[in-house]
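Have the viewer open as you read.

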Amino acid sequence: MAAPTLLQGVKVLTLEQVHALPWGTAFLADMGAQVIRVESAGHLQDRKAGPFPNAKPGEEWWNEGGNLAYFGTRNKESLCMDVTHPAGKEIFLKLVKQCDIVTDNFRPGTMRRYGFDHDSLEAVNPRIITLSSTAFGHTGPWSKAGSRARTIDAMCGMSALTGYEGGPSLRASNNYMDHSTGNNVAYALLLALYRRNKTGKGMRIDLTMQETGVSCIGPAILETQHGIARSRLGCSHLWKAPHNVYACAGKDRWIAIAVASDVEWAGLMQAMGNPAWAQDVCYDNVHSRWQHRHDLDKLLSAWTATQDDKALMALLQQHGVCAGAVLTAADLVADPHLKQRGFLQDYDRAGSPTVGVRTYAGRPFRVPGVPMSIRHTARMGEHNDAVLQQAGLSPNEIAALAEQGVIFNRPRAGEKAP
């Protein structure tokens, strides 16, 4: 499959791990940029992350992980090189001369210790764009603090708003901050490229996960300034009712129903067959329904518990009611709507021939004539020779680097499978 040409000619050098930054650089790779992922044989957590075929790492486990193929090495090149070695550092700086963008998601101070901070790279390439994706940014009291997605979920205020009514704080999502931050990475880099095309100047981007999360809770930020404390509501709403997730027939089957107006409530009553309880005066307007939402939820749940979730979704939608079956991952893989839109992609060349066919989610937008699918997933160190030759090294010099333990294409001896 031919590569998209939107970012053809753009060259990205990325020192990345885990999720947020790799998710962002994968967007650029999808759009045709050459994204060189500089990996370390001493830090293989991404290649150990899985999921593995049949939940069991194979003989070549370092090339089999599903998450790695989805966003870690998706449409990227893999240069597995020790940049802390003097020869590795020299090569990295040679590559910087040829690149447009350098990204990292190390703790603040790490790139400076390596000699890869923005000022040092700008001296090598005055047009360079650098982006650091960190938890709290390169300034401020928390700049040196470590994090995971869970801790950022808490520190951005998301967890404080998430939880059942009257209950404790709960986590909002497994990777909410990772994906949101990765999206911002892509946006910021595209804007930086646009500016450089206009002015010829590179730039430094300091992007944080915490601020990404805080930007997602704008209403709460505004409310607290006026003495309003936003309470936890679970799946409920500040004024809409019914607005919740209700159990359906079958094991762990649910439906989300959100009614915002009297017209929608009339549609819901009609779909239910206009039961006597729904005629009660306490349910005849938006405000009253919200005041009696707990009783309303119990009565509605008794009805949904007898219904198939997907059939009920179709029935309610026909009556003008916003409703959605709570789909599992297995449901989504087989979803006819997503298949018809071409959102799901079957890919059978993910790192190792032993992996077989996997179904991957696509991108949530369409650009006519520009495929955004997975074209290639990089094996560990697969592009060592090609990238180093671009940096001006000869085959003999590349072979010497392998002998010195500067470049790798497999884990070091003694590295254990996950």
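Which residue in β8 is the bridge partner of V245? Please keep in mind that this is a predicted model, where local features need pLDDT of at least 70, side-chain atom pairs count only at pLDDT 80 or more, and totals for chains, interfaces and linings use all residues. Residues are numbered from 1 along each chain as its sequence is written, and side-chain values use heavy atoms, with hydrogens and water left out.

1. The partner of V245 is A256. β7 and β8 (residues 254-258) pair in the antiparallel sense over five bridges. Two strands count as paired if DSSP finds at least two bridges between them; strands (E, at least two residues) and helices (H or I, at least four) are DSSP runs, numbered from the N terminus.

2. That pair belongs to an open sheet of three strands, ordered β7-β8-β9 with antiparallel pairing. β7 (243-247) and β9 (322-325) are at the edges with a single partner strand each, so one side of each has no neighbour in the sheet. From one strand to the next, the twist averages 20 degrees.

3. Helix α14 (residues 309-318) lies across β8 and β9 and runs at about 165 degrees to β9. Here contact means heavy atoms within 4.5 Å; axes are lines fitted to C-alpha atoms, for helices over the stretch in contact, and angles run from 0 to 180 degrees between N-to-C directions.

4. The largest nonpolar core has 30 residues, of which L28, I101, L131, L189 and I205 touch the most other members. Such a core is a set of buried Ala, Val, Leu, Ile, Met, Phe, Trp, Tyr and Cys residues joined through side-chain atoms within 4.5 Å. Elements supplying at least two residues each include α1 (20-30), β5 (129-134) and β6 (203-208), while α8 gives the largest share, six residues. A second, separate core of 27 residues includes I36, I91, F92 and I128.

5. On cysteines, a search of the whole structure finds zero disulfides, a disulfide being a pair of cysteine sulfur atoms within 2.5 Å. For C156, the closest cysteine sulfur is in C216 at 7.1 Å, too far for a bond. For C322, it is in C235 at 16 Å, also too far.

6. Buried means under 20% relative accessible area, exposed over 50%, and partly exposed in between (1.4 Å probe, protein chains only).
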